[in-house]
Amino acid sequence: MTQPAGPAFPSQRTVHASRWALIASLMLYSADVSTTACGAEANVPSADELQLLSDFFENEVATGKISGAVALIQQHGRPVYLKTFGMRDVRTNRPMTTDTIFALRSMTKPITSVATMMLVDAGKLSLDDPVAKYIPSFADAKVAFEKTNAQGEPSFELVPAARQPTIRDLLQQTSGIAGAYIGGWVAKLYAEGHLFDGQFTNADLAERIGKVPLTRQPGTFWRYGYSSDVLGRVIEVASGETLFHFMKRSIFDPLGMTHTKFVLDTPEELALMAEPLPGDVNLVEQERMRRSHPEWESGGGGLVSTIVDYGRFAQMLLNGGTFEGKRYLSSAAFKDMTKDRIGPDTGIGHDYFYFPGDGFGYGYGLAVRTGAGETNQPGSIGELKWDSLSGTYVGIDPKLDMFYLLMEQTDNERGPIRVAFRKLVYDAFTSNEVVRVYNPVGR
């Protein structure tokens, strides 16, 4: 059984004390924030601070924590920082390059969400459509509730769903569809569903998921799982095309994302693929699973891409749904997609497994910055972000007219790197002469 191809609960591992000291100091420094946001025109990145970003990744490679990475910061439509580090494959000593191809894992989800909203714009989908309209096995949805049997052992009982899950629920991860990573009785449910047995298409997987009980009543709880994989099948039914063909025709070809796909076709492409370190056991296994199922076009985590390709997609989002004169999302659809949908006023709950993180809400496939949070992470209100099991990361900051993008292949080190990367990027846009842009809500 695999877990969802995306952000997972923090792994328990030991890291060097000096590295944690650096990250801790970064977090403490970020707590000194201003209450005033400044305009994008006032912020240009500092060359000295960008060098600290380079120093950080050079050290990560030199100390063997990662094999390599590529980082991009783009402001006002132009790259202000683009640098490669280390190797894309330590076994072959192939160097990291800007055309290196990475497994996106959960950074597939924003692309799947955009594809869905394009079909909503075209009138081929409604956000309030029940999932069962496209995937019949969801028609008789049941919800499992945890209980204890007479022997004191954990068990569950099934009750009818109060309502059917909808397309909106899939987009905002409130469908009740979970994943085995939660453990306990939820893992037992998903193991009994035999979701990944044999070879399977999007249609097969979605039908199997529809037969597994939901873990929460639809619309009541943010629970990360296979919702975007189900959404991939919905897109196929609504468009009459495979997921890849719809994405290629509607998004990849128009945007010029020539290396973004589910399956690499040629030896030349395969040679460009970034590989995790052999000791990154979970990611190695997740990649083995993905590559052994070329028939499965996972809307939740199956795409591969380059930093240049994904940068074009991120710029389109930064532009509010347009790129080089072409509109991909209507203004209404973009606004709907990037609004926090699970905040305190919605009545939607969440628990420890809340991957948007402190200070963030969630829209459709993207986390949305809503406040400072307890950790006072740097950033701007309204910033969008997402990351993945393989360590890929994107942040989109409209206030600075800037996005920042990291491509790497590591599960073991992604947590600490994510904290440091975010902090170092925002430090580059902040100096003693420029007011900080963090702007905590309510101050």
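What share of the contacts between residues at least 6 apart in sequence join residues at least 24 apart in the protein chain?

**Figure 1. Overview of the protein chain in a predicted model.** The share is 71%, where contact means heavy atoms within 4.5 Å. The chain holds 13 helices and 14 strands, taken as DSSP runs numbered from the N terminus (helices H or I, at least four residues; strands E, at least two). Of its 443 residues, 57% count as buried, that is, under 20% relative accessible area with a 1.4 Å probe, protein chains only. The accessible surface comes to about 17,100 Å², by the Shrake-Rupley method with a 1.4 Å probe. Carbon and sulfur atoms account for 53% of that surface.

**Figure 2. The hairpin of β5 and β6.** Strand β5 (residues 142-148) pairs with strand β6 (residues 154-160) in the antiparallel sense, over seven bridges; pairing needs at least two DSSP bridges. A144 stands opposite L158 in β6. Five residues lie between the strands. In this hairpin, G152 takes a positive phi near 80°.

**Figure 3. The contact of α3 with α8.** The axes of α3 (residues 109-121) and α8 (residues 243-255) come within 11 Å and cross at roughly 90°. Axes are lines fitted to C-alpha atoms over the stretch in contact, with angles from 0 to 180 degrees between N-to-C directions. From α3, I111, T112, V114, A115, M118 and L119 meet F246, M247, S250, I251 and F252 in α8. These residues divide into nine nonpolar, two polar and no charged. Nonpolar covers Ala, Val, Leu, Ile, Met, Phe, Trp, Tyr, Cys and Pro; charged covers Asp, Glu, Lys and Arg; the others, Gly among them, are polar.

**Notes.** Residues are numbered from 1 along each chain as its sequence is written. Local features need pLDDT of at least 70 and side-chain atom pairs 80 or more, while totals for chains, interfaces and linings use all residues, and side-chain values use heavy atoms, leaving out hydrogens and water.

Conventions
Buried < 20%, exposed > 50% of the residue type's maximum accessible area, 1.4 Å probe, protein only.
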